Amino acid sequence: SCVHTENCFVPTSEIIAVEETEFNKKQRNIGKWQKMAKPHAFTVYYVKKARNHRWRCSDVTFWCVDEHLCNQWIQALKELLEMQKSRPKQLLVYINPYGGRRQGKRIYEQKVAPLFSLASISTDVVITEHANHAKDNLFEVNINKYDGVVCVGGDGMFSEVMHGLIGRMQKDSGIDQNNPKAPLVQCNIRIGIIPAGSTDCICYSTVGIIDPVTSALHIIVGDCQPLDVSSVHHNNTFLKYSVSLLGYGFYGDILKDSEKKRWMGPMRYDYSGFKTFLSHHYYEGTISFQPARHTLGSPRDKDSCRTGCYICKKSEQQLAEQHKERGLKREEDEEEWKVIKGKFLAINAVNMSCACPRSPKGLSPAAHLADGSADLILVRKCSRFDFLRYLVRHTNQDDQFDFSFVDVYRVKSFQFTSKLSEDNESNVTDIGKKRFGQFCRDHPACCCNSANSTWNCDGETLDSSAIEVRVHCQLMKLFARGIEENCKGEAAYSQSSVEQLL
């Protein structure tokens, strides 16, 4: 019979591997083994859940005298694991050796590869040598032989793999990415993120913790989390895909300024944030959007997106029904557009909460990962003090949309044109405006602020300020399950200092 020292209930879906255990002479002389002539044993490796969404690999050994019985148990458990069809068997892994703290290769080799090996997952590893290496490689490989693609790095590395995978899918299906109205083909190959970058916002928003071992275990058990993706176009030309933040004004200016200070390392974001806050630039423009009528929730409700999210599932169904009714007629869509003109300190469109350890609620706490919508946040021109009050609310429990100068809408598409590009009818005014804009930038005392800002698209700058954005419902899938409800009580949100936030 099998004996075990403590009660332990593990669902099959959380067993990582089962192996026969060999005993050496030393072990057989210890206590309980002495009574047995020839003990036979097997070890079960499983997921042990700790606080704050952290997962670890734990193991328990069962032993018995009967060799046949022992083998029967091993066989039965292995058959149960074989029935877990969602688990990957072959993975393509891209490692960014330069990202973040340059620890990607070490993290993968020491913490992740042994777990993949234990779970009998075979891997093809590519260490990237330059920007877009992974993206270009995804257009060449035989993608059908893999059950998933894993990226070891930060948000930049994930973005590169995502662009490669979505681009490859559209190319294989003969879809023109430059057409902003083209219905894109969903990616059924999941992406796994092993966090090893300077920013790991996407990992934090989909798993709840930035931890390589936890992420590796989510990949092994074959989790699946669909993800909305926004496509960004300018003048019928495809620019980029976005899964987290599209930010104009404040967050665009921070990124643009920090790019010049890469030598500072991660500190550059704090420095540029503080500098951008002090400059207090506002930008004039027109934003038009289509409200997401298919979604159940709203940006100001308290329904956070969690594992098995009901709002995401229901919204996906409602969207599909809407498309059926309309027969995808775009003419009817034109009627729904809402137009807002104004002077803005920040325009943010988020596909997820954009939570991170510094801002545990993120930019939009009730944003959903897979409901086919983005939350559009408009921060109008206001005093520095009011803008500071708004920024501080990203770090505490207060409602960050409860200000007269902040508007938030749940949208399925939007367009933005800056006042500058609206006015640039002729070349003469164009040159004049550019010079005038330059004057404003160089002389902060001048408050006309007619210069353009830059769009920050998931941490990369876009060349155009005039853009067209469309949300594609559940375009891709991650090896994740969303953030699980924390039975043991979530850790209290920390009140960060303003300097930390900026």
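## Salt bridges in this model

A salt bridge here is a side-chain nitrogen of Lys or Arg within 4 Å of a carboxyl oxygen of Asp or Glu. Side chains of opposite charge can pair when their charged atoms come close. The model is predicted, so local features need pLDDT of at least 70 and side-chain atom pairs count only at pLDDT 80 or more, while totals for chains, interfaces and linings use all residues. Residues are numbered from 1 along each chain as its sequence is written, and side-chain values use heavy atoms, with hydrogens and water left out.

Searching the whole structure turns up 18 salt bridges.

## K49 and E484

Let's begin with K49, which pairs with E484 at 3.4 Å between the closest N and O atoms. K49 sits in strand 2 (residues 40–49) and E484 in the loop between strand 17 (467–478) and helix 16 (498–501), so this bridge ties together parts 435 residues apart in sequence. Helices (H or I, at least four residues) and strands (E, at least two) are DSSP runs, numbered from the N terminus.

K49 is partly exposed at 37% relative accessible area, whereas E484 is buried at 19%. Buried means under 20%, exposed over 50%, and partly exposed in between (1.4 Å probe, protein chains only).

## R410 and D375

R410 and D375 form another salt bridge, 2.8 Å from N to O. R410 is in strand 14 (residues 406–418) and D375 in strand 13 (residues 374–380), so the pair joins parts 35 residues apart in sequence. R410 is buried, with a relative accessible area of 7%, and D375 is buried at 1%.
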